[in-house]
Amino acid sequence: MTYLAAFDGTDRSETALRRAAEFAGSTDERLVVVSVLPNDEDLAAEYGLVEGDTYDPGDAARRLRKRVESITTDAEFRTESVDAYAGKGRIATEIREAARELDADVVFVGSDNAGRVVQPVTSVGGAVASGTDYDVFIVRS
């Protein structure tokens with residue numbers, strides 16, 4: 001089996017990664033962590049990915065990878081890029097595409113409000129959950 005964890009550095013995505021690592025570790029299965037990074041500084045700031053005076057996607061990826069490695073050393077880490085006009089819908093599309101490409105069996109995602117409404121406007125989780133090629137584990141707390 002292949003488990004995919006969407007990771008953006010938030011507390012919920014960290015919890016989702018921990019749960020994915022528990023599942024993968026208990027079965028010696030593949031765990032892939034996907035982080036979607038904007039190539040635009042304003043969007044990166046909106047998502048809390050800017051550290052210091054300027055935004056460098058490579059630096060943001062290294063910081064996220066380091067956080068992933070502090071949680072589990074058994075995960076593959078990959079990043080996807082989105083442009084300045086990418087909203088959460090585009091981020092969800094990147095995660096769904098990665099899940100399909102990797103033939104993921106379960107996608108783990110942290111979401112503030114997935115599950116409260118069918119398709120929340122502000123949630124990547126709801127859009128990822130709409131995929132039918134994989135099961136979804138949504139962390140809400």
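Which helix holds both Arg18 and Glu14, and how many residues apart are they? Both lie in helix α1, residues 11–27, and they are four residues apart, about one turn of the helix. This is a predicted model. Across the whole structure, a search finds eight salt bridges.

- The side chains of Arg18 and Glu14 form a salt bridge, at 3.0 Å from N to O.
- Arg18 is partly exposed, at 40% relative accessible area.
- Glu14 is buried, at 19%, because buried means under 20% relative accessible area.

- Glu94 pairs with Arg90 in a salt bridge, with the closest N and O atoms 2.4 Å apart.
- Helix α4, residues 88–102, holds both Glu94 and Arg90, four residues apart, about one turn of the helix.
- Glu94 is buried, with a relative accessible area of 8%.
- Arg90 is partly exposed, with a value of 37%.

- Arg63 and Glu51 form a salt bridge, their closest N and O atoms 3.5 Å apart.
- This pair links distant parts of the chain, twelve residues apart.
- Arg63 sits in helix α3 (residues 57–71), and Glu51 in the loop between α2 (41–46) and α3.
- Arg63 is partly exposed at 26% relative accessibility, and Glu51 is exposed at 56%.

**A buried serine**
- Ser35 belongs to strand β2, residues 30–38.
- Ser35 is buried, with a relative accessible area of 0%.
- Beyond residues up to four places away in sequence, Ser35 touches Phe7, Leu64, Phe77, Arg78, Thr79 and Glu80.

Conventions
Residues are numbered from 1 along each chain as its sequence is written. This is a predicted model: local features need pLDDT of at least 70, side-chain atom pairs count only at pLDDT 80 or more; totals for chains, interfaces and linings use all residues. Side-chain values use heavy atoms; hydrogens and water are left out. Helices (H or I, at least four residues) and strands (E, at least two) are DSSP runs, numbered from the N terminus. Buried means under 20% relative accessible area, exposed over 50%, partly exposed in between (1.4 Å probe, protein chains only). Contact means heavy atoms within 4.5 Å. A salt bridge is a side-chain nitrogen of Lys or Arg within 4 Å of a carboxyl oxygen of Asp or Glu.
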